[in-house]
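Here's a quick briefing to go with the model you're about to look at. Have the viewer open and follow along by topic.

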Amino acid sequence: MTTRAPKGAVDVLPPESGRWRRLLRAFDSLAERYGYGLALTPVFEATELFSRGVGEETEIVSKQMYTFTDKAGRSLTLRPEATASVVRAYLQEGRSGVLKCAYSGPMFRYEQPQAGRRRQFHQVGVEYLGEPSPDADVEVVEVGYRLLQEAGIREVVVLLNSLGDPADRADYRTRLRSYLEERAEALSAESRRRLATNPLRVLDSKEDASVVAGAPATLDHLGAAAATHFAAVRCGLERRSIPYEIAPRLVRGLDYYNRTVFEYQASSYTAAQGALGGGGRYDPLAELLGGPPTPGVGLAMGVDRIVGAMPEVSGREDRGVFVVVADPERREEALDLVAALRTGGLAADSDLGDRSVKAQFRAAARRGVTVVAVVGAEWARGLVTVRDMATGEEEAVPIGEVAAWTQAR
RNA sequence: GUGGCCGUAGCUCAGUUGGUUAGAGCGCCAGGUUGUGGCCCUGGAGGUCGGGGGUUCGAGUCCCCUCGGUCACCCCA
């Protein structure tokens, strides 16, 4: 093997990719049921979009971006997340009012890979733009929660916090800074550096957990509007029976959030990088990007992590028919039969090599098909031998009845 | 960017104090059953022992460097 996939990028092939397919399909259907249309945005964007939108001082922008210069000298960056792109598109298209959309695709961050963390990773997410109501927050949280349920993940809990509005945050920031400055001696070098630039970031430092534990909480410094909003979100989650815990230290790594922030954790997923998804409200973002004030709330789910937490599914996924060519002279007819079955809406396949009947049966069994149809001598009489692979039951049926015979299994 | 552990067949791994043609299981292909799978038996294909350098009569094995994987820190999906 000479060339490998780049560090931090992985291949997913069958049969493992079956879980991906199930999850992506579940998300697609869920988004549609909740009224989210599809958003397609570029995988690369002007670097400026992220430095302005996500925040210059965030980990993502300060050291995790895949940035390159194109042939015309423009600075472009492989997207580290999708929210900024979706909001950019909304503004660029001159939209106003409500827009609900869903996305799915790869994101890129230059980091050391470990369990649950890749340089290229797949996110699905939704954005609810133009709606300030706390019920939008609730709906977005619900979408992520339902996705995890449909993935079969048990014991999911939503961690919930409110960062308040920008004015509350500024007030809180000064209090936090003075608290931390009094204890600067005990802080790590990195936290001391952040103290000056972005004190909120110190809150999610594991290293300084003991100092942080006694720090003032954002929840105690909410303005009236933010406090009312937060109460409404909690109320809404309770009505939807979505289990949540208040997490006062949850601040999340992107600067554009205000008010609601949340994360999903599951007991079945124990890697250090434990969040299966997260999101929040980002009312300031549109203006950061130079647009008119536009409220918004969204979430992003880590597909790689969710797939890793999904339980094994018993039984094979390949249903349908496998056509065995028992008489090489009938190969063309056999392929015609496969095509006809497929056109009729059935999953059908065959072995295009010239392997033995035994080998073809072996392959069919391994793939877990329900029925094998044998094309051989009986074709001359208009018949195909069909075999129920689960029961071993076998009979010769007219060629046109193979599909019906399979569907009856 | 920092640290721990690990690199032998497609996959999971053996490999004796350094010693001759480097092994097993699974997988793949074929045969046993001249048209029948999931079990069994037989055979076959498949290896720059991650790469480079060094020590030695001799290196998969010892030393150095390097690349990669993995887990953790940082931070996040």
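R367 counts as partly exposed in this predicted model, at 33% relative accessibility; the cut-offs are under 20% relative accessible area for buried and over 50% for exposed, with partly exposed in between (1.4 Å probe, protein chains only). This is a predicted model, so local features need pLDDT of at least 70 and side-chain atom pairs count only at pLDDT 80 or more, while totals for chains, interfaces and linings use all residues. Residues are numbered from 1 along each chain as its sequence is written, chains are lettered from A and ligands numbered from 1 in the order in which they are written, and side-chain values use heavy atoms, with hydrogens and water left out.

**Salt bridges**

- R367 pairs up with D349, with the closest N and O atoms 2.4 Å apart; a salt bridge here is a side-chain nitrogen of Lys or Arg within 4 Å of a carboxyl oxygen of Asp or Glu.
- That pair links distant parts of the chain, as D349 is in strand β13 (residues 348-350) and R367 in helix α13, 18 residues apart. Helices (H or I, at least four residues) and strands (E, at least two) are DSSP runs, numbered from the N terminus.
- D349 is partly exposed too, with a relative accessible area of 24%.
- Searching the whole structure turns up 20 salt bridges.
- One of them joins the side chains of R281 and D137 at 2.7 Å, N to O. R281 sits in strand β10 and D137 in helix α5 (residues 134-150), so this pair ties together parts that are 144 residues apart in sequence.
- Both R281 and D137 are buried.
- R330 bridges to D327, and there the closest N and O atoms are 3.9 Å apart. R330 is partly exposed, at 21% relative accessibility.

- Q123 puts a polar side-chain atom 2.7 Å from a sugar or linking oxygen of RNA strand B.
- R252 has a polar side-chain atom 2.7 Å from a phosphate oxygen of RNA strand B.
- A377 uses its backbone: an N or O atom lies 2.9 Å from a base oxygen of RNA strand B.
- The elements giving two or more residues to this surface are β6 (120-129), β10 (277-281), α13 (357-367) and β15. α13 gives the most, with seven residues.

**Strand β15 and its partners**

- Five of the six residues in β15 (residues 383-388) are buried, so the strand is largely enclosed by the rest of the structure.
- β14 (residues 371-375) pairs with β15 in the antiparallel sense over four bridges; two strands pair if DSSP finds at least two bridges between them. Within this pairing, A373 has V386 as its bridge partner.
- β15 also pairs antiparallel with β16 (residues 394-398), over five bridges, and T385 stands opposite A396 in β16.
- β15 and β16 make a hairpin with five residues between them, and G392 in the turn has a positive phi of about 85 degrees.

Technical notes. A polar contact is a pair of N or O atoms within 3.5 Å; within protein, one must be able to donate a hydrogen and the other to accept it, and residues adjacent in sequence count only if both atoms are side-chain atoms.
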